[in-house]
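Work through the exercises below with the sequence and the 3D view open. Each task is followed by a solution in steps.

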Amino acid sequence: MSESRAPADEGIFAGGRADRDEQDATLPAAYLAVRDRSLWLTDVLEIEDYGLQPMPDASPAKWHLAHTTWFFETFLLKPFDPHWRSVDARYEYLFNSYYNSVGAQFPRAHRGDLSRPTVREVLAYRAAVDDAMSALLARRSEDDEFAARVVLGLHHEEQHQELLLTDLKYAFGHNPLLPVYAHARPAPARAAGVLGWREHVGGLVEIGRAPSPPGADRAAFEFDNETPRHRVYLEPFALADRCVTCGEYLDFMADGGYAAPTLWLSDGWAWLQDGGPRHPLYWREADGAWFEYTLAGERPVDRDAPLTHVSFYEADAYARWAKARLPREAEWEVVADRHGRREAGNFVETQWLHPVCSGSAGDDGPADLFGNQWEWTCSAYAPYPGFAPAAGALGEYNGKFMSNQVVLRGGSCVTPQAHVRASYRNFFYPPDRWQFTGVRLARDL
């Protein structure tokens, strides 16, 4: 439908320097590469697909394309380009997500009700903003404050690329026709191996990152919720050397895991009794066999594949059943800092768009800490000691959500590889399951 500067047959990061070394590209090239990627992700959609919103938390593809454009217009063009004139002043209301400092927002649950602006008009809006941004980048890339906002905008758009795919999966996965997303490749099947444990002595450790100086260095970027770097004392613990598999979760289900109140947190048990699920999202049973919808189509549940699309409640209940627990975020980060191999993860670049076991863990640490699926921790999403949000509207980006949510770590199979790092803190509400979320066990020593 849309016309991308990057030809689709060259792969998901074709055009510009949009591969895992993207941070080494010039800022104008990185800008175009990330923006092209969003168009590439949607260029196989039919016009009817762009407006789908099957639940309030899942935004239409058209809205993602427009909102990421609104971000650059609002936080870059309006304050830095005196010659910029909005394509349509009403877009400030339609495509503002949650920035109360900017103004009112169109209700999130009704984004799919908007047939106008059309997809063609949204693409024209993107093109106008990209033209103006390219001209502005040519003049102001050396301005540290301007460059820092551009880098933030690129990471923001990468978050929405991930959300676009998870939201599209929810729409397709609840369609009885179970459509296939054309850019998805069938994920290979691999043996998981026996679950093992990696012990850690604990002690006084440092986690988080010191705030980087403003500028255009994408490799040095961190979100404000990752700061400041600080000390944490850990008791000795062990972390599983791989994630929980679908087969292991099937054993939990067969053993009555969903019917055992002693395994569940009070809120989780209430969630179950209030019409909650009895299996992971996208699973269905037919004639005694289990099937799972993936973006490459439905397939039998692979017992060796990493489990995904479970809530925090389900993850916590499974951990109790397995006589273990979920890791604390500091435990996860310390191990990932020492042993994580981000370059080996299953990210969106593989185009499998589904978790894949890499095999047994190596001598250098647990397997698949990065990619595949976000890993639930047992840590509440809260500010680090000394955290201070940015001034102005951009201070609303992360800080105001530090309540009633749980931290996840590691990235997923729909995350751009250059987007994550050991200190990255994702966060969702305990019942959420439509994101690629899975389970890695921990235990006390």
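**Exercise 1. Find which backbone nitrogen lies 2.7 Å from a polar atom of the side chain of Asn 372, then describe the surroundings of Asn 372.**

Step 1. The nitrogen belongs to Val 356. The model is predicted: local features need pLDDT of at least 70, side-chain atom pairs count only at pLDDT 80 or more, and totals for chains, interfaces and linings use all residues. Residues are numbered from 1 along each chain as its sequence is written, and side-chain values use heavy atoms, with hydrogens and water left out.

Step 2. The side chain of Asn 372 also makes a polar contact of 2.9 Å with the side chain of Asn 346. (A polar contact is a pair of N or O atoms within 3.5 Å; within protein, one must be able to donate a hydrogen and the other to accept it, and residues adjacent in sequence count only if both atoms are side-chain atoms.)

Step 3. Asn 372 sits in the loop between α9 (329-339) and β8 (374-380). (Helices, H or I with at least four residues, and strands, E with at least two, are DSSP runs numbered from the N terminus.)

Step 4. Beyond neighbours within four places in sequence, the contacts of Asn 372 include Pro 306, His 354 and Phe 436. (Contact means heavy atoms within 4.5 Å.)

Step 5. Asn 372 has a relative accessible area of 1%, so this residue counts as buried. (Buried means under 20% relative accessible area, exposed over 50%, partly exposed in between, with a 1.4 Å probe and protein chains only.)

**Exercise 2. Locate the residue at which α2 bends by about 35°.**

Step 1. Helix α2 covers residues 61-80. Of its 20 residues, 18 are buried.

Step 2. The bend is at Glu 73. (The bend is the angle between axes fitted to the seven residues ending there and the seven starting there.)

**Exercise 3. Which parts of the chain does the salt bridge between Glu 157 and Arg 126 tie together?**

Step 1. Their side chains meet at 3.1 Å, N to O. (A salt bridge is a side-chain nitrogen of Lys or Arg within 4 Å of a carboxyl oxygen of Asp or Glu.)

Step 2. Glu 157 lies in helix α5 (residues 144-173) and Arg 126 in helix α4 (residues 119-140), so the pair ties together parts 31 residues apart in sequence.

Step 3. Glu 157 is buried at 0% relative accessible area, and Arg 126 is buried at 1%.

**Exercise 4. Describe the salt bridge between Arg 440 and Glu 375.**

Step 1. The closest N and O atoms are 2.8 Å apart.

Step 2. Arg 440 is in the loop between β11 (437-438) and β12 (442-444), and Glu 375 is in strand β8, 65 residues apart.

Step 3. Both Arg 440 and Glu 375 are buried.

Technical notes
Expected span 1.5 Å × (residues − 1).
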